[in-house]
Each structure stands twice: as structure tokens, then as C-alpha cells.
Amino acid sequence: MALNILIIGGVALGPKAAARAKRLMPDSNVTMIDQGTYISYGGCGIPYFVGGDVPQMNGLRTTNAGVVRDEAFFKELKGVNAICHTRALSINRKEKTVTVENTQTGEKSDMPYDKLVIATGSSPRIPPIPGADLKNVTSVTCLEAAKAIQEQCAARKINHAVIIGAGFIGLEMAVALADMWGIKVTV
Ligand SMILES: Cc1cc2nc3c(=O)[nH]c(=O)nc-3n(C[C@H](O)[C@H](O)[C@H](O)COP(=O)(O)OP(=O)(O)OC[C@H]3O[C@@H](n4cnc5c(N)ncnc54)[C@H](O)[C@@H]3O)c2cc1C
């Protein structure tokens, strides 16, 4: 019987694991879920998209041949069933199922697996600072957040930015905001 491989997370590790599994086991059923809207993108390029070096967001999720790596791409070219807007809520290891929720409708269901890959990445450590949950306070760990920032920049809604964290990502974002959009940036 065909092996059911379920992968949670669809940005870097998830798509690699899915494509590799399908190559090694062409008869397997490979499903990859992600809670977000966009999959298989270059997260490292987020500051370059915000800063205009990558002019279109799709530039971060396009193959060399110019094909956008979306759900249809994975279905048609990789034979992988990729499903966005789907968050894993719990794993039942005894039954070998994952309870998932459609983030748009709230509908819950169980997905069976023989092999499960957890490719959920990391999340930013936001210190317990009062106000960290206010509007206009964000991290930049996903393409959805990058798109929101870029749109606000393009609409000239941001005059000043404060970046907390002067590591690579913080400094790359500082340069992107200041150089491309002329925003006054404090790091
Ligand atoms: C701005 C920025 C710049 C970077 N620059 C560099 C760089 O220059 N060089 C470098 O090597 N690395 C860089 N990185 C790091 C690199 O992008 C990550 O190491 C890499 O994306 C990790 O891949 P991953 O697949 O493990 O996780 P992620 O890319 O984080 O993907 C995990 C996915 O799983 C989803 N997910 C999480 N929980 C669930 C759930 N319960 N159900 C469904 N889906 C879920 C998440 O929403 C996400 O879409 C950068 C990252 C950022 C954000």
C-alpha cells in the first residue's frame, strides 16, 4: 500500500522533504500543509523584497524557469499535495493522525499519516515588553508580514521605524527601509 507522508510546514524544509520523498518513493502520497498563504519562498530574501532589490514578492517564490512555487506547482510538477491555510493543532501518535484547522473557515479535520515530518521552523522571541502586541508592531519572519510592511511603505504610511535587534535581519531591514523608502530608522 502507498505510504502516506504528511509534512507540517511548507517554506524551506517542508518542500525539500516533500520533493525528496516523492523522488525516492514515487508511489507515496505526500501531503504538505502550511498555516500561511505562501509556501516555498526564500525567507532570506525578505529584506531584499522590502528594499526593492527583489521588485516583486513572487521573485522570492519563483523557479529559475519563472514558475511560481504555489499549490498548483507542487501538485502538477512534484506530485505533492500542498495545502495552505491549514494549521496543525495536535498530533495523535497512537492513531497516526494530525488534527488540523482551516485558518479561513475554522473547520477542523483529521489527516492520517504513516510518516510525519515536522517542518514548522522557528518563531521570533518577542520579549515581554508592554505594547509589543500593539498595531504597527511586527516581526518579519514570514512573507505575509513582509508584504504588509512593503505595502505600508509603498503607500507612504511609515515615516519612522524603530528596529529592536541589531543582528543581520534587523540591520538588513534598517537598510531596506531607509534606502528604498527614505524612512527614518532607529536601530
Ligand atoms: C528576514 C529573514 C532573513 C533571513 N536571512 C537568512 C540568511 O541570510 N541566511 C540563512 O541561512 N538563513 C536566513 N534566514 C533563515 C531562514 O529563512 C530559515 O532558517 C528557514 O526559512 C527555516 O526553514 P524551515 O522550513 O525550517 O522553517 P520556516 O521557513 O520558518 O517555515 C516553517 C513554516 O511552518 C509553518 N507552521 C508553523 N507552525 C505550523 C502549524 N502548526 N501548522 C501549519 N504550519 C505551521 C510556518 O507558518 C512556516 O510557514 C532568514 C530568515 C528571515 C525571516
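Which helix gives the largest share of the positive patch? Helix 1 (residues 13-24) does, with three residues.

## About the model

Welcome to this structure, which is a predicted model: local features need pLDDT of at least 70, side-chain atom pairs count only at pLDDT 80 or more, and totals for chains, interfaces and linings use all residues. Residues are numbered from 1 along each chain as its sequence is written, and side-chain values use heavy atoms, with hydrogens and water left out.

## The overall layout

The chain contains five helices and nine strands. Here helices (H or I, at least four residues) and strands (E, at least two) are DSSP runs, numbered from the N terminus. Read from the N terminus, the order of elements is β-α-β-α-α-β-β-β-β-β-α-β-α-β.

Along the principal axes, the C-alpha atoms fill a box of roughly 60 × 40 × 30 Å. Of the 187 residues in the chain, 34% are buried. Buried stands for under 20% relative accessible area, exposed for over 50%, and partly exposed for what lies in between (1.4 Å probe, protein chains only).

## A pair of strands

Let us turn to two strands. Strand 2 (residues 29-33) pairs with strand 3 in the parallel sense, over four bridges; two strands pair if DSSP finds at least two bridges between them. Within this pairing, Ile-33 stands opposite Ile-83 in strand 3.

Strand 3 (residues 80-83) has two faces: Val-80 and Ala-82 make up the covered one, while Asn-81 and Ile-83 belong to the uncovered one.

## Patches on the surface

The positive surface patch consists of Lys-16, Arg-20, Arg-23 and Lys-78. Lys-16 lies in helix 1 and is exposed, with a relative accessible area of 65%. Patches are made of residues with over 30% relative accessible area and no salt bridge, where like charges are joined within 9 Å and nonpolar side chains (Val, Leu, Ile, Met, Phe, Trp, Tyr) within 5 Å. For charges, Lys and Arg count as positive and Asp and Glu as negative, while His and the chain ends are not counted. The place of a charge is NZ of Lys, CZ of Arg, CG of Asp or CD of Glu.

There is also a nonpolar surface patch, formed by Ile-129, Val-162 and Ile-164, with about 330 Å² of accessible area together. Such areas come from the Shrake-Rupley method with a 1.4 Å probe, and for residues only the protein chains shown count as cover. Ile-129 sits in the loop between strand 7 (115-118) and helix 4, and at 42% relative accessibility it is partly exposed.

## One salt bridge

The structure holds one salt bridge, that is, a side-chain nitrogen of Lys or Arg within 4 Å of a carboxyl oxygen of Asp or Glu. Its partners are the side chains of Lys-147 and Glu-151, at 3.2 Å from N to O. These residues are four apart in helix 4 (residues 143-154), so about one helical turn separates them. Both ends are partly exposed: Lys-147 has 28% relative accessibility, and Glu-151 has 42%.

## Two residues with positive phi

Lys-96 is not a glycine, yet it has a positive phi of about 55°. You can find Lys-96 in the loop between strand 4 (86-92) and strand 5 (97-102), where it is partly exposed at 38% relative accessible area.

Arg-156, not a glycine either, has a positive phi of about 55°. Arg-156 lies in the loop between helix 4 and strand 8 (160-162), and with 55% relative accessibility it counts as exposed.
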